[in-house]
Structures are given as structure tokens and as C-alpha cells.
Amino acid sequence: MSLCFFIVVIMGAVKGSARSSLIAMNEAISFLVFIILDIVDFMLCYTYKVIDFLIEAEWKPCYCSFTKEAITSSGSILVGESKIVCLTCSSKVHLEEISDTLYSRPSKWKRRKFDNAGVRSTFTVNNSTIVEGKMGAHNITTPRWSDCDCNTCNSCKDSLFVRVDGAKANFEEDVLFLHGFISSSAFWTETLFPNFSKAATSKYRLFAVDLLGFGRSPKPSDSLYTIREHLEMIEKSVIEGHKVKSFHIVAHSLGCILALALAVKYPGSVKSLTLIAPPYFPTPKGEQPTQHMMRRIAPRRVWPPIAFGASIACGYEHISRSVCLVICKNHRLWEFLTKLVTRNRIRTYLIEGFCCHTHNAAWHTLHNIICGTAGKIEGYLEMVKNKLKCEVTVFHGEDDELIPVECSFNVQSRIPRAHVKVIQKKDHITIVVGRQKSFATELEQIWNNAKL
């Protein structure tokens, strides 16, 4: 008996030692890799400035510029130390919605600083700051040289692409689906929509939207993709456009943040709230919410791969632009090659969602929505807890390496009535993809049991 116990202890110690060694190796390799990436991004910064000037005849500032640059034209404002921001089509920019992570990101070679008390030398940012000016419509007809020039990526519409399915007439209830980061409405329409029962499709009217800047929705080059802009477009395209009075919400990842904000804005209209892998990391006392969120979703580690990808997307403005130059600008080619290589045996909706966006849309949405709302999520959750009567259900994949399971239990700690379901052996994507039939059934049960 004592021998068996001794063997178990030894094996545990060996496994613990091996795990510690792997962690140390990951940190060492990550340190070297991200030093190289810092240098590459630094060089790309000036490379893109020169190319932009040669092709577009305009020297455009970026979020990592060293020197302050002058305001070049009416309708532009200087934010932080360098960034010139054009006003949106509503002629207003609420500066408190601009995340400081756009400017303040860890680097070994330069320190990016952002004055949290205000916009340096220009405006003071507080809860009511609004900068107004005269601007025309979103500049969506002239793409940047590094963006795709197809009709899909340069839509002139002033509303989101919305796929409407289910009951066409005499519907009883509405359901709104919100996708995650660098995805599209096809995440729902290619998985869940075909698997809903006839009873559900005759009762519910289903709305799946492509968020602003993604999929087949407009991708304005002068937008900052703040939460206000995203919500206004959802309201205009779905709630007002289809005269929706009350509705269920199903949201994945980044879409969960928009879902919470929408629920808070329409507390009497939400019949049920279903969140899938919500990115909620409570901020430790004394830390800045936006920076804490960025460290959690972009940990500057090479392993796991999904964390490495998130670190590049969040931390490197010019490297991520280069990725978009190769992938997003040529999304039609990648879709064609995927179909060719697989002989059209698989659907390419995930690839289409991953490729069909602009760097401007992805960069600003990631920072201004995921990071920028980190200080607001607790307020949203408190409102859902106290002001909303709807049931809240949270799904999470056990093997999710991007948004850990703890996030869903963090939500439950703020909304005690929330029911958390951890799905075994599923990750950030396979929580839906691959189990769509069973998940469709679970959603139908949630909607049928909902009481407004």
C-alpha cells in the first residue's frame, strides 16, 4: 500500500515538473518571438506610411506614431498623441468609447502612452464628451489599396446585411443572432437554421446579422466601430427595420458584449438571453479594465495557437494589417482554393467569415468593443440582474482555449439566476459547429420556457 502511494507521489511530481518545464519553455520562446514581432511591427509602421503616401497621396498616422501630428482638415480630430480620427456619419464621436488599448500596448522597443484623463492637448474625455463636426457619409466607396475592392466589401448600403428565416407570416416571436469576432451570420445560418424543427420555424422569425465591418455588411473606412455604432446599426437594420417589439437573443463571444448592451437598452423587450463563451474577466482592484482585458485575451504567448493569433491581432497594428492584406484582400481567391482543394466537399462559411472584413473594422472592433467595454460589462450584468426578468443561459466549451470556462462562471457570479452549461470536449467554435442539431433543440427549449 505504501509502495503504491509512493509511486503515485513520484508520478505526480514528475508530471508537475514536466508541466513546469513546458510552461517555462513556452514563456522563453514567447519572449524571443514577441521581441522579433515588436521589431517587425516597428519596421512595418514606416513601410506602410511610405506605401500609403505613394499610392494614396496621403501620409496617414497610425496608433503607434511617436510624434504629434497636426489636425489636417475640418472634421478630423487629434486623439491621444497621434491618431487623426474622422467623425462618423452621425457627426458625433463619443470619445469615452475609444479604448486606450489602441494606444497603450506592451512593447519591448517603445512605450505607447495614453493620457487616461483626457485626449492630450486637445479635448478632455469624460462621460459626456461628444466631438461634433460636419462630415459627409461614410467613405465606403473608395477602398484603401490594402483592402478588397469587391462589391461585397464596398457595399453602399446604410444598413447591415440581415438574413431572415423561419416564419414568414403569423410569427409569434422574434430571435436575434449575433456572431463573434471575424465571423458572420453564416455561423448561424449554415449550422442552426437548417436544424430547427418545423414547429420552431413556424413560430419564430429568425434574424442573423453580419455585424458592421464583417461579412456582407458595409465596412466604412472612417468608422471607429465603437459599441454605439454597432448598436445603432443593429437597431436600424433589425429592431426598427423589421418592427421588432420583443425578442430572444443568442450571441457568441464578442456578440455577447453587444447582446448585454442591447438587453440593457431594451430591458422590457428581451424574452431570453443566451450567451455562448462570453468574454468576461472581472478586473482586479487597482488595475485598469481595458488593459486587464487585453492581457487576458492577448497574453503574448506562442501557445496555444489561438492565443498567439489573438496576441498578434490585438497587439500589432501593422502585422495584423499585413495579415489582412494577404487574407482579406484576397478572400475570393482563398474561398476558391478551399473549394478546389476539397473538391467542394465542405462548406466554406467559416473561411468566408474569417476572411471577409477589413483591417480597420477588425482592429477597431477588437479594441473598442472587446477591450474598450471591459469597464462597462459589470454595469451591464448588474442591470440584467436587477432590471431584466428574462432567463439567462450561458454555454461554454470545456476545451475553449481563447475564452476560458471561468468567464461563464464569472457571469453567473454576477447574475445568480444564470444557468451555465459546460459542454464536454468542445472548444470556442465546436461549441456550435458539429453539435448544431442538439444545440438547436436546446435553444428551442429555452425559447419555449421563456416568460416575459
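Predicted model: local features only at pLDDT ≥ 70, side-chain atom pairs only at ≥ 80, totals over all residues.
Helix H14 covers residues 436-449, and its buried residues are Phe-439, Ala-440, Glu-442, Leu-443, Glu-444, Ile-446 and Trp-447.

The loop between strand E11 (419-423) and helix H14 holds Asp-427. With a relative accessible area of 30%, Asp-427 counts as partly exposed.

The surface also has a nonpolar patch, about 660 Å² in area, built from Val-326, Leu-333, Trp-334, Phe-336, Leu-337, Leu-340 and Val-341. Helix H9 (residues 331-341) is the main contributor to this nonpolar patch, supplying 6 residues. Val-326, by contrast, belongs to helix H8 (residues 317-327). Its relative accessible area is 47%, so Val-326 is classed as partly exposed, given that exposed means over 50%.

Turning to another loop, Asn-154 lies between strand E4 (130-132) and strand E5 (162-166). Despite its place in a loop, Asn-154 counts as buried because its relative accessibility is 13%, and the cut-off for buried is under 20%. Asn-154 and Arg-216 are separated by 62 residues in sequence, while their C-alpha atoms are 8.9 Å apart in space.

Definitions and conventions
Residues numbered from 1 in each chain as written. Heavy atoms only, no water. Helix = DSSP H or I, 4+ residues; strand = E, 2+ residues; numbered from the N terminus. Buried < 20%, exposed > 50% of the residue type's maximum accessible area, 1.4 Å probe, protein only. Patch = residues over 30% accessible without salt bridge, like charges linked within 9 Å, V, L, I, M, F, W, Y side chains within 5 Å. Areas by Shrake-Rupley, 256 points an atom, 1.4 Å probe, with all protein chains shown as cover. Salt bridge = Lys/Arg side-chain N within 4 Å of Asp/Glu carboxyl O.
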